[in-house]
Amino acid sequence: MTEIIDGNDVAQDIRNGLLDGIETLTDAGTTPCLATVLMNDDPASETYVSMKHKDCEEVGIATRDIELDPETPAEELFDTIDELNADPEVHGILVQMPLPDHVDEREVLRSIDPAKDVDGFHPENVGRLVAGNARYKPCTPHGVQKLLAAADVETEGAEAVVVGRSNIVGKPMANLLIQKDEGGNATTTVCHSRTEDLAEKTRAADIVIAAAGVPEMITGEMLSEGTVVIDVGINRVETDEGSELVGDVDYDSAKEKASAITPVPGGVGPMTRAMLLWNTVKSASDVAEIDVDLP
Ligand SMILES: Nc1nc(=O)c2c([nH]1)NC[C@@H]1CN(c3ccc(C(=O)N[C@@H](CCC(=O)O)C(=O)O)cc3)C=[N+]21
């Protein structure tokens, strides 16, 4: 039987596991607080940001909700970030991607105080992750580690194949998988659009993590029996019945081969949001110099 790994369930467990820590910090006068900055009018982005606020509300994390018109001059965004950097009540800052063309994404990531960079995208935090001294693990790869742990999948000694090399998922995922750490110690291969024989790589894998942004590209035929399949893809595709959300994995055929698989929606997506809360609580705990148990 194939195990369907329920991301909504695991994310709920993470949120429950944060409650005590949030209470301890709040009682000590440091209510964890996440600020989001949204500067695009893509309906999907608006949905994701509002989900993040709802999650925060549920667990008692305070929020700031900043929306800037996409036409806003870049300087105004940088002023906003400076204010949030300087605000002692704000512990996490998330600037929702993508940003308008006139805004330099890299410059934005550099401008966020690394101590408040709960996405883990600031170059200092990327460097620390690579050096095995992570401050914030990026939310999606961290969430994937938690999903694997929840499904009792041992990464140590496993052959892991990451399909995709983005800065937000593929690269940090591979870095976490090779760390001498829990959820790491995997023999890790990173595949991408120039990989000569992808199916040869995925067939040799114990764990496949699909994060290429190509709808349903990983099919059952590319997998060996018993592979653990984690689908990071979130692709909106148009069908006869309207718009539908599909992953990078062809779920129906992959499920026939997989020992465990994550669905889309309801897999990695909710974990990305849960680990954002996790990082925000960690930031507040660092600021308050109060150790709390993190799930
Ligand atoms: N600075 C920044 N940080 C991000 O983490 C970030 C970002 N920008 N820009 C956009 C992407 C996308 N992203 C998602 C998070 C959760 C779901 C999610 O919860 N999905 C649910 C619901 C999907 C739905 O119904 O639309 C699911 O997969 O079940 C989706 C997408 C975070 N992102």
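This note sets out points on the domains, the sheet and the ligand site of a predicted model.

1. Basis. Residues are numbered from 1 along each chain as its sequence is written. In this predicted model, local features need pLDDT of at least 70, side-chain atom pairs count only at pLDDT 80 or more, and totals for chains, interfaces and linings use all residues, while side-chain values use heavy atoms, without hydrogens and water.

2. Domains. The domain assignment, which is automatic or from a database, gives domain 1 (30-113) and domain 2 (139-270). Their centres, taken over C-alpha atoms, are 28 Å apart.

3. Sheet. An open sheet with parallel pairing consists of six strands in the order E1-E11-E8-E7-E5-E6. Strands are DSSP runs (E, at least two residues; helices are H or I, at least four), numbered from the N terminus, and two strands pair if DSSP finds at least two bridges between them. At the edges, strand E1 (3-4) and strand E6 (187-191) each pair on one side only.

4. Strand E5 (residues 159-163) runs parallel to strand E7 (residues 207-210), and four bridges join them. Within this pair, Ala160 stands opposite Ile207.

5. Ligand shell. The ligand is surrounded by 17 residues, each with a heavy atom within 4 Å of it. Helix H10 contributes the most to this shell, with four residues.

6. Polar contacts (pairs of N or O atoms within 3.5 Å). A polar side-chain atom of Asp119 lies 2.7 Å from a nitrogen atom of the ligand. A backbone N or O atom of Gly266 lies 2.6 Å from a ligand oxygen atom; for Gly269, the corresponding distance to an oxygen atom is 3.3 Å.

How values were computed:
Polar contact = N/O pair within 3.5 Å; in protein donor to acceptor, adjacent residues only side chain to side chain.
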